[in-house]
Amino acid sequence: MTDLGKGLVRFFNSLRLTVALLILSILLIFAATLDQVHLGVWGVQEKYFRSFLVFARIRGSDLSLPIFPGGYLLAAFLLPNLLVAHFCRFRLSWRKSGIWLTHIGLILLLVGQGLSGLLQRDNQIRMDIGQTRRYSESFREAELAVIDVTRADFDQVVAIPVSKLDGKQSIQNPLLPFQIRPVAYYPNALLRARSQMPSPLPTLATAGVGPELAVEPAPVTYRTDESNFPTAYVEVVTTEGSLGTYLVSSMIVEPQEVTYQGRTFHLILRAERDYFPFALTLTKFTHDIYPGTEIPKDFASTIQLKSDDGRDDREIRIFMNNPLRYGGRAFYQAGYANNDRTTVLQVVRNPSWLVPYVSCALIALGLMIEFGIHLIGFFRRRGKAPSSP
Amino acid sequence: MLPPKSLLRPACLLQLIAVLAAVAGCRDREIRSYRTPKEADDVIAQARAAQTVEQPVMRVPAKPEWKVPSDWKSQTASGMRFASFTAADSNGGSVDISVVNFGGTGGDELANVNRWRGQVKLPPIGADDLPKQVETLAADAGEFSLVDLSSAQSDAATPATRLLGAWLQRDGKVWFFKAMGPAALVGAQKDIFLAFLKSVRFSAPSSPIGGSVATSNTNDLPRVTPAGPDLSNLPTSPALSAGATLKAASGTILLWHAPSEWTVKAAGSMRKGSYAVGPGGALDLSVTAFPGDVGGPLANVNRWLGQVGLPPIDEPGLPQYTSHMEANGLVFFLADTGAKDPTHEQRIVAAVVFWQGNSWFFKLMGPTDLVAKEKPEFTEFLGTVHTP
């Protein structure tokens, strides 16, 4: 092994490193728990755990500096630490199989959590009785959808994540005959009618509904009961010149029309959508409460599921702790609204959802084997021990 | 040769961090493209769902039709052009005629006129000079604004250029008609161009596909309409979401029945409803909704007083102009700018109702005598406003 390899092995084999990482993890969890008051659950997850470094803003300036390792960085050290320590300290043998399985389970748990953080998408569906939905919408992420509605038989959608609107680079797509040039982006903003303002704020928009509206930037909210309204000015630029600067915002619920080369496009900033290859129709919603109280006993959605390929057309009941798992997604009953006429389903898409189950099973099996071996050894030794006088 | 051992550890760590950062970079969302089946407009669908009407609806934007003069040649419309023509003379000169439309207001009038002035090499003008430049032309499609711009002839080789431009607001869009070419040729075409403008007709705006356009003057949906409900005065252009505070938004709207003699006008971007009221449609009635209380009663009354050219009032003066009424469980705050001075030239009668986090404004504005005459009907109209 080269010096480099040996150095790495020595570094990651260190028990001191394990202790240091665990202490840092405890401090990270403690700080995140306290900061939850300001940022909410989602905010601290993003800032402390789904990050490599935790940044803090210097008071009185826009400068942010890294002050602490984030969850991903700690996991990135913990994982090789666990692997190297395991391979250096334990030899593969039947007597050590329990330890092996437990460690593999733990490693898998860490890997699974990492995969979930990277791959899991949490969306929701709001559906009134009788409504059909073919997509779920993200809680947090928004997209600028440029929809070519020219064809009579389908709509061609180009969905641009709002993060792309926060840059200077024009957005091109082979399906669009024009470029989208980001002009300004606000992660959260309120819109006001300029005609209703005593001294209207200026607007950058020249087309669509934008010239009539003023944008008031607002601080980003992390509260679970509030929404951000991402807002942007975008210019639609063709080879023949600009078609105008449009104001797009999740507060503007109707699409704005852009016509070019005989094709009609709709511009709309909306919650990021995940389309399914099937349709869900809410046929019934029931909400039972304990008699004499307002405490919910059970709420359930009866859904008609119809797949595009015609293989499935069946009725499903989704209720608390009984999700529908279909098409790589899990649909949980999450809430209700509108006098029990609207159901709210949480849709989780996580290709690695089975990993934690497998790892827990491995850990349990490993511990059982390890303790079993010890127990058998104990009984054997006890059987061999000389009887007392 | 390997670097010194003391540097190895940090170097490896940096590499590891770089790899992890690259992996994390993969989380950045990418542009996606996909096809979706045609769906009914979500907003309309939601408004309809709230009203227990289940037919899906698609809206057809109003499209113009016209009579093309016999000596004009149609060209293939490309780029931003909706239609394109040329008119040529025997000497090889030609006039280029274009029809272009934009959503919204298409920018302000001054900017449009100055853009055209730039095209014929004329200096820009200020807002004060705008009325002198713009004429109007009454036509079946509506009232066109018209400019006639000519450049000075710089030398014998390049003849002077002339531009005839006209624009018209229609269904939340502005339509631009432009004829441009050598001054003499454009001059010869001017009457033909004006006749062309007069021939412009728009198909019925926003009529639902698959259903006849009902004549009932209401934004409420009929409970039983086999042919499809009239949605002609549902918002036809981008509208603000109701409940537009920092809380979650919803798209429900108030409903009403307007008297049959009122004419439905195309609701602009901000309007939930728009009517021409009174003899010849001289009065404008608008229905708008805005988040919050929009400054409260005093701010609203002072804004309306300002709009009719009356001085603002203080809080103690407010009761003189205001009253309340209740209809269908909604409490309206009423204001009448003519309450104190019924002889003032212009008058506004307005009502505000606060519903689901929004202030809904119903405003009737016009000459004082006509407003006074229509006020009882306006009050009766308010009595029809109800929640879905």
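**Confidence**

The model as a whole scores ipTM 0.74 and pTM 0.49. In chain B the pLDDT averages 70, and 66% of the residues score at least 70. Among the elements of chain B, the lowest mean pLDDT, 41, belongs to helix H2 (residues 42–50), whereas helix H5 (residues 183–198) has the highest, 89. Two stretches of chain B call for caution: over residues 41–61 the pLDDT stays under 50, although the model has 58 contacts beyond four places in sequence for them, and over residues 204–218 the pLDDT is below 50 as well, with 37 contacts beyond near neighbours in sequence. Where pLDDT is low, the predicted coordinates should not be read in detail.

**Chain A**

Chain A has 389 residues, of which 44% count as buried, and its secondary structure comes to five helices and 17 strands. Of the contacts in chain A between residues at least 6 apart in sequence, 53% join residues at least 24 apart. The chain exposes about 20900 Å², and carbon and sulfur atoms supply 60% of that area.

On this surface A:Leu15, A:Val19, A:Ile23 and A:Leu27 form a nonpolar patch with about 370 Å² of accessible area together. A:Leu15 is placed in helix H2 (residues 15–49) of chain A, and it counts as exposed because its relative accessibility is 55%, with the cut-off lying at 50%. A:Val41 also lies in helix H2 of chain A, but at 41% relative accessibility A:Val41 counts as partly exposed. The C-alpha atom of A:Val41 is separated by 8.2 Å from that of A:Arg223, a residue 182 places away along the chain.

**Nonpolar cores**

The largest nonpolar core has 30 residues, and those with the most contacts inside it are B:Leu285, B:Phe332, B:Trp360, B:Phe362, B:Phe381 and B:Leu382. Two or more residues each come from strands E12 (271–277), E13 (283–291), E14 (322–327), E15 (330–336), E16 (346–355) and E17 (358–367) and from helix H8 (368–382) of chain B. Helix H8 of chain B gives the most to this core, with five residues. Another core, of 26 residues, lies apart from it and has B:Ala87, B:Ala141, B:Leu146 and B:Trp175 among its members.

**Salt bridges**

Side chains of opposite charge can pair when their charged atoms come close.

| Salt bridge | Closest N to O distance |
|---|---|
| A:Arg270 with A:Glu143 | 3.2 Å |
| B:Asp336 with B:Lys375 | 2.9 Å |

In chain A, A:Arg270 in strand E12 (residues 263–289) and A:Glu143 in strand E4 (residues 132–148) are 127 residues apart, so that their pair links distant parts of the chain, and both residues are buried. Salt bridges that share partners join A:Glu143, A:Arg270 and B:Arg32 into one network.

In chain B, B:Asp148 lies in strand E7 (residues 142–150) and B:Arg162 in strand E8 (residues 161–170), so their pair ties together parts that are 14 residues apart in sequence. B:Asp148 is partly exposed, with a relative accessible area of 23%, whereas B:Arg162, at 18%, is buried. B:Asp336 in strand E15 and B:Lys375 in helix H8 tie together parts of chain B that are 39 residues apart in sequence. Here B:Asp336 is buried, with a relative accessible area of 6%, while B:Lys375 is partly exposed, with 28%.

Conventions: Residues are numbered from 1 along each chain as its sequence is written. Chains are lettered from A and ligands numbered from 1 in the order in which they are written. This is a predicted model: local features need pLDDT of at least 70, side-chain atom pairs count only at pLDDT 80 or more; totals for chains, interfaces and linings use all residues. Side-chain values use heavy atoms; hydrogens and water are left out. pLDDT is the predictor's confidence in each residue, from 0 to 100. Helices (H or I, at least four residues) and strands (E, at least two) are DSSP runs, numbered from the N terminus. Contact means heavy atoms within 4.5 Å. Buried means under 20% relative accessible area, exposed over 50%, partly exposed in between (1.4 Å probe, protein chains only). Accessible areas come from the Shrake-Rupley method with a 1.4 Å probe; for residues, only the protein chains shown count as cover. Patches are made of residues with over 30% relative accessible area and no salt bridge: like charges are joined within 9 Å, nonpolar side chains (Val, Leu, Ile, Met, Phe, Trp, Tyr) within 5 Å. A salt bridge is a side-chain nitrogen of Lys or Arg within 4 Å of a carboxyl oxygen of Asp or Glu. A nonpolar core is a set of buried Ala, Val, Leu, Ile, Met, Phe, Trp, Tyr and Cys residues joined through side-chain atoms within 4.5 Å.
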